[in-house]
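Dear colleague,

Please find below the structure that I am handing over to you. My notes on it follow.

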Amino acid sequence: MMKLTKLGLAALACAATLGAYASTAQDTLLATLKQTYPGTAFDTVTATPIPHVFEVWMGDNVGFVADTRPDYMIFGRLVDLRAMRDLTAPKLQQRTKAADPAAPTVAAIDVRQLPLADAIVSTQGKGERVLYLFTDPHCPYCRQLEPELVKVPNLRIYNFMVPFQDQGLPLRIWCATDRIAAWRSAVSGTLDGQGAPAQCAHPLDRNLALASKLGVQGTPTLFFADGARETGFISASEIEAHLAQAASRHQTSKNPKE
């Protein structure tokens, strides 16, 4: 029993040491940046999953700095490529919400401008709720997302395929007589891009350009009726929450408070 207690205390001491180191590294980098660049209003410095790389906030702007070379800063977003999840977007959204609770999600788009003819359309139930989806049939997270989408009732899905890897499989899907069936076969692994290349007029190049314009850097990326976006796999319950939020914002815009 005494041995377990000592081990537990040692583990706590180790965790405390690591936490203190992380805090010290962040504080040191923040102090260095403030001293070196007094004209910039540095807000906070937090650790990232990448060793020695820190997220630096300057008001609504964010950059990434290595504590070994604080004279360089990278602007943009940090994306977990394994999960295909934008790690920076939620923090941008939180800051926007803090400044204006009624503001839409950061990086929201005007979904009315989307070229719907370039998407595969599927309907579940009445299809009164709408989801705009950017996918790649090669993407494992798009395949994981598919069973979650099936759980969401009363939904119309506009699926914009973006051939981030190659056009073979997306072309076979788009050129199929039944695109929805071909898509479902592809994500279930029973359709591949081998064999004779499919030949038909297609929107894949346009979809790539559209993805670039909208800042879609990974698949799946989901847009909701209010223009809010989510990148990466999310569950059916999370999709439901976003759909409810989009519906609420739409209702508020129709009936503004006096």
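In helix α6, which spans residues 204–214, the buried residues are L204, N207, L210, A211 and L214; buried means under 20% relative accessible area, exposed over 50%, and partly exposed in between, with a 1.4 Å probe and protein chains only. They lie on the same side of α6 because they cover an arc of only 110 degrees around the axis, the arc being that of the directions from the helix axis to the C-beta atoms. S212 and K213, on the other side of α6, are exposed. The buried residues of α6 pack against β8 (129–135), β9 (155–161), α4 (168–174), β10 (221–224) and β11 (229–231), where contact means heavy atoms within 4.5 Å. Just after α6, G215 has a positive phi of about 75 degrees.

This is a predicted model, in which local features need pLDDT of at least 70 and side-chain atom pairs count only at pLDDT 80 or more, while totals for chains, interfaces and linings use all residues. Residues are numbered from 1 along each chain as its sequence is written, and side-chain values use heavy atoms, leaving out hydrogens and water.

The chain contains seven helices and 11 strands, taken as DSSP runs (helices H or I, at least four residues; strands E, at least two) numbered from the N terminus. Of its 258 residues, 38% count as buried.

The average pLDDT, the predictor's confidence in each residue from 0 to 100, is 82 for the chain. Over residues 7–19 the pLDDT is below 50. Where pLDDT is low, the predicted coordinates should not be read in detail.
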